[in-house]
Amino acid sequence: MAESRLKDIKVLHRESLSVREFFVHYGKELALELHSPDGDLDCFIAESGIHRPGLAMAGYTKVYSSKQIQVIGHTEWNYLESLGPEARSKIFESLSVFRAPMWVVTHAQKPHRELQDMCTKLHIPLFSTTQHTFEFVKFAQRILEEYFAPHAIIHGSLVDVYGIGMLFIGDSNVGKSECVLDLVESGHRMIADDVVHISHVGNSIIGRPDPLIKHHMEIRGVGLIDIRSMFGIHAIRKVKKIETIVELQPWRSDVSYDRTGLNSTEEMLMGVQIPKIVIPVAPGKNLTVISEVIAMNTLMKMNGQNVAQNFNEELMKKIKAKAKGELDQELFHFDYKNWSYYE
């Protein structure tokens, strides 16, 4: 079989996120209030982590993650409050040799004057938020992980079939778009066609449509169609985890295809192993029904039921019983009292 197109995809990495963009896009959701001049927002976040500088404020800076967003929660704020102005000045004077991208004070607490002076001197954005520390850290961390996640662009189509994210790949003109269109008509949801933006978030590969193409699809001989306008809002999704890869290949008589499902294969996509199924495409083959069966079979495996493996185990039992000369028990499984058994 031909090598997969996913083998040599170019993985990209975002190097930084400006504090201004972070504030503009997420400031309202994170309930951020700016305590610095607007010009100080032109700083850049280069790491996805969130750091609480309690140890650094206590004097231990050997493992101080100063390049991350610094968060002063309820505990840190009360510690600073207990010290008094002179001690706080010494703390932030020692921390001024480090340059964090931004500081955030949670629980609607007012930033101490000494912290504000350090941020003003170094032109570091200072914020406060009404959110609790755990809440802010959870959401901000999620935002940064998504933004800094390794990402790539691949040629394929992504569909949600019975809740399973199925990525269709294959040569041009093999029938990917036609298969996706048929699935959408059957009530399933399209995420992207032709161009899929993927990112490695956590232990998953997440797929999205191209920002320009969005939910449009090109059908040769017809042209561009808008899936959302044609089939309705229920026919699309903005994002979906990729759980199965389906590679469509033109059928060849000299290629041996899996017929039992025992020899399951996986595709390494951006460091994540994803189950892969190769489907030979031939005239008259109903790819829509096959795709639905693949999705349902995947759901069964997720719930601990492997049909191919169970069948193979049952088959081996029959073979061993036959080798021992035992009769097939199915011979005795009939209702001898019911004369209409055969009707």
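The model is a predicted one, in which local features need pLDDT of at least 70 and side-chain atom pairs count only at pLDDT 80 or more, while totals for chains, interfaces and linings use all residues. Residues are numbered from 1 along each chain as its sequence is written, and side-chain values use heavy atoms, with hydrogens and water left out.

Helices here are DSSP runs of H or I with at least four residues, strands are runs of E with at least two, and both are numbered from the N terminus. F22 is buried, at 1% relative accessibility. Aromatic pairs join rings of Phe, Tyr and Trp (its six-membered ring) with centres within 6.5 Å; planes under 30 degrees apart count as stacked, over 60 as edge-to-face and the rest as tilted. Five aromatic pairs are found by this rule. In the pair F22 and Y26, the ring centres are 5.9 Å apart and the planes stand at 55 degrees, so the pair is tilted.

The rings of F23 and F127 also form a tilted pair, because their planes are at 45 degrees, with centres 5.2 Å apart. This pair links distant parts of the chain, with F23 in helix α1 and F127 in strand β7 (residues 126-129), 104 residues apart. F23 is partly exposed at 23%, whereas F127 is buried at 0%.

Turning to the strands, an open sheet of four has the order β8-β12-β13-β16 with antiparallel pairing, where pairing requires at least two DSSP bridges between two strands. β8 (151-155) and β16 (240-241) are at the edges with a single partner strand each, so one side of each lacks a neighbour in the sheet. Strands β12 (residues 195-201) and β13 (residues 204-209) pair over six bridges, and V201 stands opposite S204 in β13.

A nonpolar core is a set of buried Ala, Val, Leu, Ile, Met, Phe, Trp, Tyr and Cys residues joined through side-chain atoms within 4.5 Å. The largest has 23 residues, and F168 and L248 are among those with the most contacts inside it. Helix α7 (176-185) is one of the elements supplying at least two residues, and α7 gives the most, with four. A second, separate core of 19 residues includes F22, L30, L41 and I50.

Technical notes:
Buried < 20%, exposed > 50% of the residue type's maximum accessible area, 1.4 Å probe, protein only.
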